[in-house]
Amino acid sequence: MHLLTRSVRFAINEGVSAPGRNGYAGNPPVSGFGRWLELVVTCRGTVDQATGYLIDIKAVDSHVRNDAVPLFQQAVASGEDPTLTLRAVAQILATKLPVTPQSVRLRLTPYHDIEMAPSDPSYALIRQRFDFSAAHRLHSPALSDAENLKLYGKCNNPRGHGHNYIVQPVVKVRLDSHPAFSLVDLEAITDQAVIQAFDHKHLNEDTPEFNVEKGGVLPSVENIARICFGRLGPAIAAHPSRPTLESVTVWETDRTSATYPG
Ligand code: NI
């Protein structure tokens, strides 16, 4: 089996949108203060031996532009919750495409998206990115000073060093829940449980979770992701709609990230 992912970019503008020629940047292109959106369609299946295709991406593009974009235009005009719009879009794409998408993911901003599986449209995944700046030092009490220096290198610097961490929780929500778990809820919980706890701190010295000498764990990116998951999970589950935290991804740099649970 293969996965095939196709992203379709488009804008919802005031009034009628002129057709564009640039699918890379978005078609229709953004006009004035129009909303730029990206719909990421992932299909799972077997590759046709004759064509080498799992699905013809031209079919994905045309059905998104001809069938889904009008739904987004109506939703913007009426102020509908994007999660409910995405459910309608997932259902229409599942009907029209020759391969039922495994997931459809609507990128509302570079940092925020919602995702749904057409096979289970009663749930959605909400992602949002946050950042915090912190210092840490990697130095294991289980190793000698020489072994620490050899393993961690510059990250073993005695006075620590800093990172601008990016944190992305993924929350699974029920669509028919009242009150719904919103992005405002996710921002408030993450700010209180993670950002306020770690931002502009020396993780080893200022936070008990990463104070190795007092029973904490080493502030590696793997452990930071797990600690963030542990801090966020109960607070998110306490919301009346009973959402669940699926995972947390932490980027230490734009080249290194860890996700827990994996
Ligand atoms: Ni580091």
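The model is predicted.

**Stop one: the ring pairs.** The count comes to five aromatic pairs. Start by selecting F132 and F198. These two form a tilted pair, 5.9 Å centre to centre, with 50° between the planes. Now colour by secondary structure. F132 lies in strand β6 (residues 130-136) and F198 in helix α4 (residues 183-198), so this pair ties together parts that are 66 residues apart in sequence.

**Stop two: F210.** F198 is in helix α4, while F210 sits in the loop between α5 (203-206) and α6 (221-237). The two residues are twelve apart, and the pair links distant parts of the chain. F210 is buried, with a relative accessible area of 0%.

**Stop three: the cluster.** Which residues do ring pairs link into a cluster? Select F132, Y165, F198 and F210 together: these are its members.

**Stop four: charges over rings.** Select R129 and W251. R129 lies over the face of W251, 4.3 Å from the ring centre. Then move to K172 and Y123. The charged end of K172 sits over the ring of Y123, at 4.6 Å from its centre.

Terms used. Residues numbered from 1 in each chain as written. Predicted model: local features only at pLDDT ≥ 70, side-chain atom pairs only at ≥ 80, totals over all residues. Heavy atoms only, no water. Phe/Tyr/Trp six-rings, centres within 6.5 Å; stacked < 30°, edge-to-face > 60°. Helix = DSSP H or I, 4+ residues; strand = E, 2+ residues; numbered from the N terminus. Buried < 20%, exposed > 50% of the residue type's maximum accessible area, 1.4 Å probe, protein only. Lys NZ or Arg CZ within 6 Å of the ring centre and 35° of its normal.
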